Every structure is written in structure tokens, then in C-alpha cells.
Amino acid sequence: MSSKIVVVTGASSGFGKLTVLELARQGHTVIATMRDVEGRNSPVRAELIEMARKDGNSLQVLEMDVANDASVEAAVDRVVADYGRIDVLVNNAGLMPIGVTEAYTATDVERLFAVNVFGTVRTNRAVLPHMRAAGSGLLVQVTSLMGRFTIPFFGVYAASKFALEALAETYRYELGSFGIDSVIVEPGPFPSNLIASSPQPSDAVVLEAYGEVAAIPGQIKAHSDEQFDPANPPRPQLVADAIAKLVATTERRPLRTVVMPDGLDFGVQKINDAIAPIQNSVLKAMGMEAMI
């Protein structure tokens, strides 16, 4: 397996942190990016660097706020200056709001999309000129099972993941002729800090109007871990392993990779299998079969 230069966003915790460590273990040169590396995330930065050093692996931590153009451009410029290229970008940074959909104001949703959607657009636009010049590259977009279905109180989160699904799939069609692949990883429910750090809706008047219904999101948060068997909790490492496998793959990669804990199959693979022929038939009808 050839070593690649890999940039991972949102690497301070969860899937991102596990992914950078796994990719480093597999011999890749990994650049873990996150916000506030000199402040709040300074301990995480030190931990990642020390863990990689002990194993003799190559890992660098850089400041990157995916919601800020200058921050993204500065980080990408630094990586290219240091290593000459970027082979893989893993777009993992994201937020998971849980609440009454109507109570999220337009400003609330804009803040969410600034990270979950526009953050991906920023990072992709920063790395793609370098990948196109090299004639190769891989974009890995971490979405969610809720990029394919939605449930009450996850509306704005699902909307952001639906948007990412569409963007990532379209990148795949448009970038193929440049030797660049775009793939999607769809994690199921795993223990994480996303629910605990859920951005709250701002419109208190709307929340009051919903009465007892408005209390349900809080109950979901409080009991989010009860869906898991405490004796055998799901392993988030499965997501890192799936991403590492995609990075290592040399033949044609699947567009979508579903990663679900045992016993929590929500049928997303069936959705993907059912939609793919319809999507392909649309492209064929438009004379774009070569892009499939």
C-alpha cells in the first residue's frame, strides 16, 4: 500500500480522531485539523502527536476552522508547502442539532450549514485545484444514515446531510475525468459527543407553543446511550476502519459505504441499492452514461 498525504477535518474527537490515528498506523502521512489548537484543543493536539510518536507514525496537527475561508486556505496552503500535494481529504467536521425544527431560526440553520455543508464546499474548493493538477485524489465525505432518511427533531441535521450526499455524488460524476474520486461514508448511531453538544434552537416563543412536544428532544439526549448494549457497545472504530479501507483501495471504490452497529440496521443499504439504478437511468437518459 502506497503512503498518502491525508487531511482530516474535525479531528479533535469522535470519528475524526479515530480516523487520523488509524490512517497514521497504516503508514499514511496524516494532517489532523481542528479549531483552537493553541487553546481548548491543545491537550488533544498533544495527545495525538504523542500517540503517533510512540508508534513511529507520521501525524501533524493544524489549525483549521471549516467555517472560515481564510483558515481553510491557510491550512491547505501549509500542507501543500510542506508535502507538495494532498492525496486524500476526509470531510468529517460536523454538528448534530436535535430540536423542534420550526424553532431553529434561519440564522441557526445558517450556522449549522456553515460547518456541515459550506465547510465541505470550502475544503473541497481549497484542495481540488491541487488534485486536478496532480491528476489524482480522493474526497471522503462523512455523512450519516440520516442523509438518506429523516426522523422528528433531526430535521435540520438531516437536511445538511442530504445536501452533502447530493454534493458528494455530483463531485464523483464531475471529477472522474480528472482521476479524482468522491465517496460517501454513512455512519449509523455510535456513542459520541455529537448529541451532548447539540446546538439548541433559538426561538423560545415557538418552543413554548409546542408545549410538551418541545421536551422530547431533551429526552432523546438524556437517553441516547440506552439504545446500546452496555456490555457490548458499538465500536466507532468501525467508521475509521471503513475510511481507511477506502483510502487504501486501488480498484473502483463504492460510492456509498454504510457503517452500522450490529442490530441497528435501518435499511439504508436497501435505500441505496434501490435508488442507484434510478439515478443511473437518469444519467443515461441525459447522455451522461460515461460519468456513472
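Which residues in H1 meet Glu47, Leu48 and Met51 in H2? They are Lys17, Val20 and Leu21. Contact here means heavy atoms within 4.5 Å.

Some ground rules. This is a predicted model, where local features need pLDDT of at least 70, side-chain atom pairs count only at pLDDT 80 or more, and totals for chains, interfaces and linings use all residues. Residues are numbered from 1 along each chain as its sequence is written, and side-chain values use heavy atoms, with hydrogens and water left out.

Helices (H or I, at least four residues) and strands (E, at least two) are DSSP runs, numbered from the N terminus.

Let's stay with H1 and H2. Two packed helices are described by the angle between their axes and the distance between the axes. Axes are lines fitted to C-alpha atoms, for helices over the stretch in contact, and angles run from 0 to 180 degrees between N-to-C directions. Helix H2 covers residues 42-54. The axes of H1 and H2 come within 10 Å and cross at roughly 25°. That makes H1 roughly parallel to H2. On angle names, under 35 degrees is roughly parallel, over 145 roughly antiparallel, 65 to 115 roughly perpendicular, and the rest oblique. H1 passes H2 in a right-handed crossing. Right-handed means the near helix is turned clockwise from the far one by less than a right angle; anticlockwise is left-handed. The residues of this contact of H1 with H2 divide into 4 nonpolar, no polar and 2 charged. Ala, Val, Leu, Ile, Met, Phe, Trp, Tyr, Cys and Pro count as nonpolar, Asp, Glu, Lys and Arg as charged, and the others, Gly among them, as polar.

H1 has another partner. Helix H1 (residues 14-25) and helix H9 (residues 237-248) have axes that come within 8 Å and cross at roughly 45°. H1 and H9 are therefore oblique to each other. Their crossing is right-handed. On the H1 side, the contact includes Phe15, Leu18 and Thr19. On the H9 side, Ile243, Ala244 and Val247 are among the residues. By class, the contact of H1 with H9 has 8 nonpolar, 2 polar and 3 charged residues.

Next, H4 and H6. Helix H4 (residues 106-116) packs with H6 at about 35°, with the axes 10 Å apart. H4 and H6 also form a right-handed crossing. Val109, Leu112, Phe113 and Asn116 are the H4 residues in the contact. Among those they meet in H6 are Val156, Tyr157 and Leu164.

On a 1 Å grid over the protein atoms alone, a cavity is a set of points where a 1.4 Å probe fits but cannot get out; a pocket is an open set with protein on both sides within 12 Å along at least five of seven lines; lining residues have an atom within 4 Å of a point. Grid points are joined across faces, edges and corners, and a volume is the space filled by probe spheres set on the points.

The count comes to 1 cavity of 30 Å³ or more. The largest cavity has a volume of about 50 Å³. H6 gives the most to its lining, with 4 residues. By class, that lining has 7 nonpolar, 5 polar and no charged residues.

Last, the second largest pocket. About 280 Å³ of space lies in it. Its lining has 17 residues, and Glu169, Leu255, Arg256, Ala276 and Asn280 lie nearest its centre. H10 gives the most to this lining, with 7 residues. By class, the pocket lining has 6 nonpolar, 4 polar and 7 charged residues.
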